[in-house]
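Please consider the sequence and model shown below.

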Amino acid sequence: MNKTELHKLQDYLQRTFGNKAVRVQPHQGDADRADVSLGERRIATIAVDDEDGDRSFSFEMKIPVERATIESYLRLLFDNDKFKVVPRAKKTDSVELNVGSDFLGVVSADDPKGKSFTLQMAILDYDLEEI
């Protein structure tokens, strides 16, 4: 990822999560990955996805809480009360995460007992276009 992409990803995540403290920095030793931090805390990674000739990015963040507290955890973490966890039809091991009425990503259980989860978001090239 080049500096322009890192900057665009940071702007996108700051807007999406509603928090200007989100930072995106190059990952040590891997040019196709970036680290996402909130203040001093590393919270997620981003990887380049170049399949099918389209450049996109895969955001992944561990959520160390049980299903019942995902929404409140994310609201507290990002200081944003617009996060909404929505059940998925016919799925019990995952939920959708929305910001307001906009779909953000899927939160999937890391283990059968649902003690921790992972948020996965696809970030497409047009998501990074300036508004």
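Tutor: The model is predicted, so local features need pLDDT of at least 70 and side-chain atom pairs count only at pLDDT 80 or more, while totals for chains, interfaces and linings use all residues. Residues are numbered from 1 along each chain as its sequence is written, and side-chain values use heavy atoms, with hydrogens and water left out.

Student: Is threonine 16 buried or exposed?

Tutor: Threonine 16 belongs to helix 1 (residues 3-17); helices (H or I, at least four residues) and strands (E, at least two) are DSSP runs, numbered from the N terminus. Buried means under 20% relative accessible area, exposed over 50%, and partly exposed in between, with a 1.4 Å probe and protein chains only. Because its relative accessibility is 13%, threonine 16 counts as buried.

Student: Which residues does threonine 16 touch, not counting residues up to four places away in sequence?

Tutor: Within the sequence neighbourhood, a polar side-chain atom of threonine 16 lies 2.8 Å from the backbone oxygen of tyrosine 12. For touching, contact means heavy atoms within 4.5 Å. Leaving out residues up to four places away, the partners of threonine 16 are Asn80, Val99 and Leu104.

Student: Within what arc do the buried residues of helix 2 fall?

Tutor: In helix 2 (residues 70-78), the buried residues are Ile70, Tyr73, Leu74, Leu77 and Phe78. The arc is that of the directions from the helix axis to the C-beta atoms. These residues line one face of helix 2, because the arc that holds them is 105°.

Student: How far apart in sequence are the parts tied together by phenylalanine 17 and phenylalanine 78?

Tutor: Rings of Phe, Tyr and Trp (its six-membered ring) pair if their centres lie within 6.5 Å; planes under 30 degrees apart count as stacked, over 60 as edge-to-face and the rest as tilted. The rings of phenylalanine 17 and phenylalanine 78 have centres 4.3 Å apart and planes at 15°, so this pair is stacked. Since phenylalanine 17 lies in helix 1 and phenylalanine 78 in helix 2, the pair therefore ties together parts separated in sequence by 61 residues.

Student: Which residues form one aromatic cluster?

Tutor: Phenylalanine 78 also pairs with phenylalanine 83 in a tilted arrangement, at 5.7 Å centre to centre and 45° between the planes. Both phenylalanine 78 and phenylalanine 83 are buried. The cluster consists of Phe17, Phe59, Phe78 and Phe83.

Terms used
A polar contact is a pair of N or O atoms within 3.5 Å; within protein, one must be able to donate a hydrogen and the other to accept it, and residues adjacent in sequence count only if both atoms are side-chain atoms.
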